[in-house]
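Work through the exercises below with the model open. Try each task before reading its solution.

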Amino acid sequence: MLDTTHMISAAAVLASFILGFKFGNKNITGKDTENGRATKATSDKTEEENIFSDIGGEYKMILVVRNDLKMGKGKIAAQCGHAAVGAYEGALKKTPSVLRKWQRTGQAKIAVKVENEQQLMEVYRTVKANNINCCLIRDAGRTQIEPNSKTVLAIGPAPNQVIDTITGHLKLL
């Protein structure tokens, strides 16, 4: 039987994915969320979009989870939900064409693990150095872990072959 904390965590993760999907689909269909009219898309490509413009194939998002924090399954799910939504929002602003390619190729999300904060930050620095969209989550510390703990890093969406050069050595969660 699930306890209340796990049920709330599961509900929060589900709600964040539903909201992200609902509002994300409005953006890719070109609908203005205020009045339902079609809007003109602008195409000022960012540096990341220019780098990825010649790369075809599959796209994915990687969720890098710290293993040393010993978070419960519900906590991991909630932190991954925060990271995925944050990365989605960043991509929506910075790399909309990359985001659309990811959406058309199935919105793959893969969870991997690192053993400590140092390894998480090494991955983060590499991602930033390569101008790849990401979102690093710091926990508020209201439940299982210390405040301001870095818990999850979402990377992408980006082409599989680009992300694999950075995270391909990491084990699945």
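Buried means under 20% relative accessible area, exposed means over 50%, and partly exposed lies in between (1.4 Å probe, protein chains only). This is a predicted model: local features need pLDDT of at least 70, side-chain atom pairs count only at pLDDT 80 or more, and totals for chains, interfaces and linings use all residues. Residues are numbered from 1 along each chain as its sequence is written, and side-chain values use heavy atoms, with hydrogens and water left out.

**Exercise 1. Salt bridges**

Solution. 
- Step 1. Apply the criterion: a side-chain nitrogen of Lys or Arg within 4 Å of a carboxyl oxygen of Asp or Glu. The whole structure holds 5 salt bridges.
- Step 2. D164 sits in helix α6 (residues 160-167) and K60 in strand β1 (residues 59-66), so the bridge ties together parts 104 residues apart in sequence. Helices (H or I, at least four residues) and strands (E, at least two) are DSSP runs, numbered from the N terminus.

**Exercise 2. The strands**

Task: Give the strand order of the open sheet, then describe how β1 sits in the structure.

Solution. 
- Step 1. The open sheet has 5 strands in the order β3-β4-β1-β2-β5, with mixed pairing. Two strands pair if DSSP finds at least two bridges between them.
- Step 2. Check the edges. β3 and β5 (171-172) each have a single partner strand, so one side of each lacks a neighbour in the sheet.
- Step 3. Follow β1. It runs antiparallel to β4, joined by 6 bridges. I62 stands opposite I155, and K60 stands opposite A158.
- Step 4. β1 pairs with β2 in the parallel sense over 7 bridges. There, M61 has K109 as its bridge partner.
- Step 5. Check burial. In β1, 8 of the 8 residues are buried, so the strand is largely enclosed by the rest of the structure. Y59, M61, L63 and V65 point one way; K60, I62, V64 and R66 point the other way.

**Exercise 3. A helix pair**

Task: Describe how α3 packs against α4.

Solution. 
- Step 1. Helix α4 covers residues 96-104; the angle with α3 is about 125° and the axes are 6 Å apart. Axes are lines fitted to C-alpha atoms, for helices over the stretch in contact, and angles run from 0 to 180 degrees between N-to-C directions.
- Step 2. Classify the angle. The helices are oblique to each other (under 35 degrees is roughly parallel, over 145 roughly antiparallel, 65 to 115 roughly perpendicular, the rest oblique).
- Step 3. List the contact residues (heavy atoms within 4.5 Å). They are Y88, A91, L92, K93 and K94 of α3, with P96, L99, W102 and Q103 of α4.
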